[in-house]
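Colleague: Could you take a close look at one part of this model for me? I'd like to start with a single spot and then see what surrounds it.

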Amino acid sequence: AHYYGGEAYYQLKQYDSALTHFDKVLGSGWSDFTEPSAQRAATIAYTQGNYTASGRYYAQLRNIAESKNELAVAYRGMMFSADRMSDGLAANYADTLLTLPEIDEEMKTEAMLIKGNAAIRKENFEEAASLLQQAATSKNIETAAEAQYQMARLPLLQKKTTAAESAVTEAIRATSGSSYWNTKCYLLMADVFIAEKDYFNAKATLQSIIRNEKNENLRQDA
């Protein structure tokens, strides 16, 4: 009853109510409903930006997964949740995901993206560039766009402002299919202008984002 209640609320997009029911299932011992409840709960938590909770739900899914596909979904979710929290375990989960049999190319490029992000945090910029170039070949628009954005950050992180401006210009072109990452690239361009002490163009870029961007988090960043 709790599983079907959770599923009904999920379809109605009343996610907090859905999560309450799925938590009841997950706290009641193993059943045929445990695995789908863990996956739904993880999806809700991740979408809401609660990456600590989503990581925990995906770990539960890993522990009860009955198929190779579900195991891959669990490690993928753990990997992304850890990455969004800048957790050092993200690269470890990516490595484990890559060892699983029969994962598709999309998951492989996602793992390269997460490993690239981890390399950036360790300031291993050459390694990051190599990994992100592989991720940028993904057929998934969002994965490829995030990889392009992260590659554009590398020169700026190394204080190579001339190279950074060129890299960000290319990233803006390459991320045109993703509204979110394209705006992130414009925010990055503002950072480049600030590093160059070109405050006029930095301000103009940020004001344009504030006027036109619908994503409130990006507007707040601007």
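Colleague: What is the relative accessible area of Ser86, and is the residue buried or partly exposed?

Modeller: Ser86 is partly exposed, with a relative accessible area of 46%. On that scale, buried means under 20% relative accessible area, exposed means over 50%, and partly exposed lies in between, using a 1.4 Å probe and protein chains only. Before going on: this is a predicted model, so to speak of a local feature takes a pLDDT of at least 70 and side-chain atom pairs count only at pLDDT 80 or more, while totals for chains, interfaces and linings use all residues. Residues are numbered from 1 along each chain as its sequence is written, and side-chain values use heavy atoms, with hydrogens and water left out.

Back to your residue. Ser86 sits in the loop between helix 5 and helix 6 (89-99), and its phi is near 55°, a positive value in a residue other than glycine. Helices here are DSSP runs of H or I with at least four residues, strands are E runs of at least two, and both are numbered from the N terminus. Lys159 also has a positive phi without being glycine, near 60°. Lys159 lies in the loop between helix 9 and helix 10 (161-174), and is exposed, at 72% relative accessible area.

A pocket is an open set of points on a 1 Å grid over the protein atoms alone, where a 1.4 Å probe fits and protein lies on both sides within 12 Å along at least five of seven lines; lining residues have an atom within 4 Å of a point. Of the 29 lining residues, Tyr46, Arg84, Glu146, Tyr180 and Trp181 lie nearest the centre. Helix 9 supplies the largest share of the lining, six residues.

Now zoom out. The protein chain has 13 helices and zero strands, and its C-alpha atoms fill a box of roughly 60 × 40 × 25 Å along the principal axes. Of its 222 residues, 46% count as buried. Taking contacts as heavy atoms within 4.5 Å, residues 24 or more positions apart account for 46% of those with a separation of 6 or more.
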